[in-house]
Amino acid sequence: MKADSKRGRPRKFDEDITLDRIMLVFWQHGYAATSLDQIAEATGLNRPSLYAAFGSKKDMYLKVISRFADQMQAHLKAAGQTKTGLKPRLKAIMTAAIDLYCGRSTFGDAAYGCLAISTLTTEAADDPDFRSMLAHVVERMNRGFAGLIYAEMKDSVPEASVQFAAQHLSLMLHGLSVRARAGESRDILVELAKAAVDRLVPDPASAPVM
């Protein structure tokens, strides 16, 4: 019996590049308003190929949220490594996030805010999978800030104060995302972010945050 020549044939597209194209569609329109036809047009793939590679529309969305979270973490980590000292590093991280939110990064040139905050929040109330993913993204941001602050100040600031500062910086980023999507000036957002770092994070020799 002759083997099916199509079976086992490698896919003729890069899955990572395709996921990034899908990401931009969801980022612009949100989950509910994005159609499979829009995704097909953006990727150049038909529906059967999309389903075979990435699953359902919901599967695609969760995949791109997870991919975005990984890319965002790498983006912010790299920004923080360009500076020395806790506050300069945190300000660099906040500025890098704002640049991403305002379309001034390799992620794209449109001011869509944070993909997770801009799109997941509208879906989380009705879908436990989306709610769980949103909680994971928020907690991941909290842990990132807490780890950085704790590494710099573990001998001078109580852990509870570290968590307080980390959660508030994360909260600030979420608000900045909303303002960026609403068209707020990038310079104003950076000013707000830097002021938040100064108010929330103590200098090494100062008293605890709380």
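**Charges over rings**

I began with the lysines, and found that the charged end of Lys 57 sits over the ring of Tyr 31, at 4.5 Å from the ring centre. I then noted Lys 58, which lies over the face of Phe 130 with 5.4 Å to the centre of that ring.

**Confidence**

I kept in mind that this is a predicted model, with an average pLDDT of 89 for the protein chain and 91% of the residues scoring at least 70. Where pLDDT is low, predicted coordinates should not be read in detail.

**Aromatic pairs**

I counted seven aromatic pairs. One of them joins Phe 26 and Tyr 61 edge-to-face, with 5.1 Å centre to centre and 65 degrees between the planes. This pair links distant parts of the chain, as Phe 26 belongs to helix H1 (residues 15–29) and Tyr 61 to helix H4 (residues 57–80), 35 residues apart. I checked accessibility next: Phe 26 counts as buried because its relative accessibility is 0%, and Tyr 61 is buried, with a relative accessible area of 0%.

I also looked at Tyr 31 and Tyr 61, which form a tilted pair at 4.9 Å centre to centre, with 45 degrees between the planes. Tyr 31 lies in the loop between H1 and helix H2 (36–43) while Tyr 61 is in helix H4, so this pair ties together parts that are 30 residues apart in sequence. Tyr 31 is buried, with a relative accessible area of 15%, because the cut-off for buried is under 20%.

Key:
Residues numbered from 1 in each chain as written. Predicted model: local features only at pLDDT ≥ 70, side-chain atom pairs only at ≥ 80, totals over all residues. Heavy atoms only, no water. pLDDT = per-residue confidence, 0-100. Phe/Tyr/Trp six-rings, centres within 6.5 Å; stacked < 30°, edge-to-face > 60°. Helix = DSSP H or I, 4+ residues; strand = E, 2+ residues; numbered from the N terminus. Buried < 20%, exposed > 50% of the residue type's maximum accessible area, 1.4 Å probe, protein only. Lys NZ or Arg CZ within 6 Å of the ring centre and 35° of its normal.
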